[in-house]
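Please keep the structure in view while reading the points below.

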Amino acid sequence: MRLGLILVLAFVGIALLAGLVAFLFAGTSARVLHQVEELRQGGIAQVNAATGMRLALESSQQAAQALLAERYRAQVEASHESEWGAARDIDRAAIRDSLQEFARELDSSWQATRTAAALARRYGDSAEAERELNRLSDSLRAIESEFKVYSNQIDRFVHLARYHPSEQVREHVDDVLRPQYRQKMLPLIRAYEDEAKSGLAADAGEIEAALSAGNRRNRALAGVALAGAILLGLVLARWISHPLGRLSEAAHRVGKGDLETPIEVRSGTEIGVLAESFRRMVGDLRESTVSRAFLDKILQSMREMVLVSDADDRLSLVNRVAVEELGYTEDELLGRRFGELVEETGDAVSDAGDGSPPGPVETSLLTADGRRLPVAVSTSVLRDDAGRLEGVVRVAQNVSERRQAETDLRRSLAEKEELLKEVHHRVKNNLQIISSLLNLQEGDAAPADTERRFRESQNRIRSMALIHELLYRSDDLTRIDFAEYLERLVHHVVRSYGGAGQSVRTVLEVDPEPMSLDCAIPCGLIVTELVANAVEHAFPGRQGTVAVRFTAANGRHRLSVADDGVGLPAEVDPATADTLGLRLVAALARQLGGELERTTGEGTELAVTYDPRTAAG
């Protein structure tokens with residue numbers, strides 16, 4: 001009875017104190033809300049309207065800039081001319097809407113100003129209110145007058161944008177429209193906004209003063225109420241909360257299996273009787289029951305998922321790993337049928353019957369987010385002393401990493417087989433190219449010594465062999481680093497001419513663009529032929545420079561070889577030249593589907609421009 005009496009007295013006292021504080025706070029809040037509502041109808045509405053006018057004005061400027069930009073675009077891009085009409089109508093509508101919004105906000109400003117003045121006459125100095133109304137009215141009339149001018153200027157801008165050149169429209173914006181906006185409209189709006197804010201600050205100060213007075217009174221009473229509540233709370237904590245908290249904690253630990261938990265609760269109330277009964281119960285359990293804490297630690301420390309179900313195949317126990325792997329909370333898993341988690345129910349996995357499978361069975365468990373988690377499940381059946389089914393214990397191991405490794409290995413093997421076939425195919429093609437080049441060299445009608453012919457054939461073969469050398473060192477067996485390839489190729493060709501090559505300086509300007517073999521082989525042969533021809537013929541008895549350039553832009557490739565030598569005779573056509581090298585360059589350019597360009601002057605430049613997407617291999 002003592003505990004019940006304490007609770008009744010405590011709750012009645014707290015209720016009385018809370019009611020008194022709530023009553024006083026409600027009165028203060030009602031008065032402040034009334035003043036705030038009046039302030040909202042007056043000063044706040046003025047500030048909001050001023051802000052709305054400024055935003056509407058800025059929107060009209062942005063729409064005008066958008067219309068001017070579309071006009072420039074339509075003038076510059078012929079393809080955009082058909083879209084100009086639609087864009088123009090959209091921007092004109094935006095300009096019209098912003099001007100209408102400005103007019104609405106201006107009307108709101110007039111209404112808010114009159115409302116604020118009426119409230120000031122009611123609660124304040126009538127003369128001062130009249131003077132404030134006159135100042136705000138003068139500001140609004142000035143804004144209204146300049147807005148008419150601005151509207152006419154906007155109409156003129158729309159007309160110019162529709163029928164006149166973009167430059168004339170831009171002059172109107174820079175010389176007329178923007179100065180009117182920045183130098184006249186914005187200063188007037190900001191001045192009105194500042195006046196409205198000043199009045200709002202004064203009204204807010206009055207509200208703040210009233211609120212401060214009410215709060216001081218309420219705080220004093222709230223302090224008294226708080227002291228009383230603290231005193232009552234201390235009494236409750238002494239007589240009820242502390243003993244119950246310690247008893248609750250002890251009960252929780254005992255429920256987890258820790259039967260060694262001490263029950264140190266002493267009280268002269270009914271709580272003391274309850275604690276003594278609980279202490280005797282724990283003692284009896286300690287003598288007759290094995291502690292669950294040790295078994296629970298073993299279960300939670302396992303790296304595999306453990307799912308224990310009852311005779312109805314509903315989960316009754318899961319470990320931490322099962323919760324983490326499946327993505328459910330423990331409460332969501334407990335009570336759920338195990339078959340609901342299995343993608344394809346099979347006897348070996350979901351059956352709670354008589355037999356146990358000989359070993360793990362692979363299946364998939366459905367996670368909380370809908371994924372299928374591949375697992376290997378081992379199942380054991382629990383039975384009581386009479387042989388009746390009590391439940392099923394399943395240990396599931398996540399095998400997703402193993403399956404992914406197997407999948408990656410198979411995919412990698414398939415890719416390597418395809419790439420090996422591709423390498424064999426390209427080596428066969430390159431050998432065929434070499435055979436064709438040797439046949440062409442053999443059939444060349446122009447007289448040449450054996451050493452030069454062998455050197456030319458070696459350079460051509462080297463240009464193809466170098467590609468395979470780079471591929472061998474690359475992670476991608478279908479593309480090569482064209483910049484490195486050209487650098488090594490040009491160096492080899494120049495060096496193959498011995499003393500003649502030493503007098504030639506080479507310049508390489510190559511964009512870092514990976515290149516497919518279908519384009520790299522013909523491009524390499526073209527560079528080989530043109531560099532060799534320049535070294536051999538362009539600089540008789542003197543030094544010179546050979547420049548190799550490659551650019552990739554706008555989906556097109558351009559490869560050029562230029563020298564500052566004696567130059568190629570004007571009557572020589574590479575496609576019909578007597579020399580095999582020039583004919584080969586023309587043929588390779590056709591193979592790429594490109595155009596062979598020739599530039600003469602101080603030296604010679606031959607360039608091939610082609611589309612890599614359509615170049616033939």
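Predicted model: local features only at pLDDT ≥ 70, side-chain atom pairs only at ≥ 80, totals over all residues.

Arg558 is partly exposed, with a relative accessible area of 29%.

**Salt bridges of Arg558**
- Glu605 and Arg558 form a salt bridge through their side chains, at 3.7 Å from N to O.
- Because Glu605 belongs to strand β12 (residues 603-610) and Arg558 to strand β10, this pair ties together parts that are 47 residues apart in sequence.
- Arg558 also meets Glu597 in a salt bridge, at 3.7 Å from N to O.
- Glu597 is partly exposed, with a relative accessible area of 31%.

**Other salt bridges**
- The count for the structure comes to 18 salt bridges.
- Side chains of opposite charge can pair when their charged atoms come close.
- One of the salt bridges joins Arg178 to Asp174, with the closest N and O atoms 2.5 Å apart.
- Arg178 and Asp174 are four residues apart in helix α4, so about one helical turn separates them.
- Arg178 counts as buried because its relative accessibility is 16%, whereas Asp174 is partly exposed at 33%.
- A network of salt bridges links Glu362, Arg402, Arg403 and Glu406.

**Aromatic rings**
- Three aromatic pairs are found in the whole structure.
- Phe102 and Phe147 are stacked, because their ring centres are 4.3 Å apart and their planes lie at 20 degrees.
- Phe102 lies in helix α2 (residues 81-123) and Phe147 in helix α3 (residues 126-163), so their pairing ties together parts that are 45 residues apart in sequence.
- Both Phe102 and Phe147 are buried.
- Phe482 and Tyr485 make a tilted pair, because their ring centres are 5.9 Å apart and their planes lie at 40 degrees.
- Phe482 has 0% relative accessibility and therefore counts as buried; the 0% value of Tyr485 likewise makes Tyr485 buried.
- Arg394 lies over the face of Phe338, 4.0 Å from the ring centre.

**Surface and helix**
- Leu226, Ile230 and Leu234 make a nonpolar surface patch of about 300 Å².
- Leu226, in helix α4 (residues 166-255), is exposed, with a relative accessible area of 51%.
- Helix α14 (residues 517-537) reaches 30 Å from its first C-alpha to its last.
- Of the 21 residues in α14, 17 are buried, so this helix is mostly covered.

Definitions and conventions
Residues numbered from 1 in each chain as written. Heavy atoms only, no water. Phe/Tyr/Trp six-rings, centres within 6.5 Å; stacked < 30°, edge-to-face > 60°. Helix = DSSP H or I, 4+ residues; strand = E, 2+ residues; numbered from the N terminus. Buried < 20%, exposed > 50% of the residue type's maximum accessible area, 1.4 Å probe, protein only. Lys NZ or Arg CZ within 6 Å of the ring centre and 35° of its normal. Patch = residues over 30% accessible without salt bridge, like charges linked within 9 Å, V, L, I, M, F, W, Y side chains within 5 Å. Areas by Shrake-Rupley, 256 points an atom, 1.4 Å probe, with all protein chains shown as cover. Salt bridge = Lys/Arg side-chain N within 4 Å of Asp/Glu carboxyl O. Expected span 1.5 Å × (residues − 1).
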